[in-house]
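Please view the sequence and the model before reading on.

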Amino acid sequence: MRFFIIFIFGLSLSSCGQEKSNVQRLIDLTTDTERFEIMKDIMLSDVMEIEKDSFIEKYEAVVREYYKDLELYYSSNYTEEEIDEILEFYDSPSGRKLSRDQKYFLQGKLPIELTLQQRIKNLKKQIQNEK
């Protein structure tokens, strides 16, 4: 988590102009950096001890490239005004609530009884039992 905060802070400082700063804020709001850390930790459990430093370095390079791609995507596909409007929404009570819920959805912690994946598994079982 430390790396991502430092990385995002560094990008924000090196960004030029208002739009870049707002693009970075949008990335921060729409990207689940905790999930990247969890994925890294899971993958590290399968890496030999001697290879861990190399893996972490390569993994972090991939994540940095992903952030650059996100920044390019938002900058290319949204105007500064659209980004400002999106940020205004995310700063509103409804936007903060949606942002919180999106993280639950991404983490599979839905407040509903069964996730879509679980429902599809159940459907497959039902179809197999009908045969």
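Is arginine 25 buried, exposed or partly exposed? Arginine 25 is partly exposed, because its relative accessible area is 35%; buried means under 20%, exposed over 50%, and partly exposed in between (1.4 Å probe, protein chains only).

## Basis of the model

This is a predicted model: local features need pLDDT of at least 70, side-chain atom pairs count only at pLDDT 80 or more, and totals for chains, interfaces and linings use all residues. Residues are numbered from 1 along each chain as its sequence is written, and side-chain values use heavy atoms, with hydrogens and water left out.

## Salt bridges

The whole structure holds four salt bridges (a side-chain nitrogen of Lys or Arg within 4 Å of a carboxyl oxygen of Asp or Glu). One of them joins arginine 25 to aspartate 91, with the closest N and O atoms 2.9 Å apart. This pair links distant parts of the chain, since arginine 25 is in helix H2 and aspartate 91 in helix H5, 66 residues apart (helices are DSSP runs, H or I, of at least four residues, numbered from the N terminus). Aspartate 91 is partly exposed at 41% relative accessibility.

Lysine 40 pairs with glutamate 37, the closest N and O atoms being 3.4 Å apart. Lysine 40 is buried at 9%, and glutamate 37 is buried at 14%. Glu37, Lys40 and Glu60 form a network of salt bridges.

## Asparagine 22

Helix H2 (residues 17-30) also contains asparagine 22, which is buried at 6% relative accessibility. Beyond its neighbours within four places in sequence, asparagine 22 is in contact (heavy atoms within 4.5 Å) with Ile83, Asp84 and Leu87.

Methods: Helices (H or I, at least four residues) and strands (E, at least two) are DSSP runs, numbered from the N terminus.
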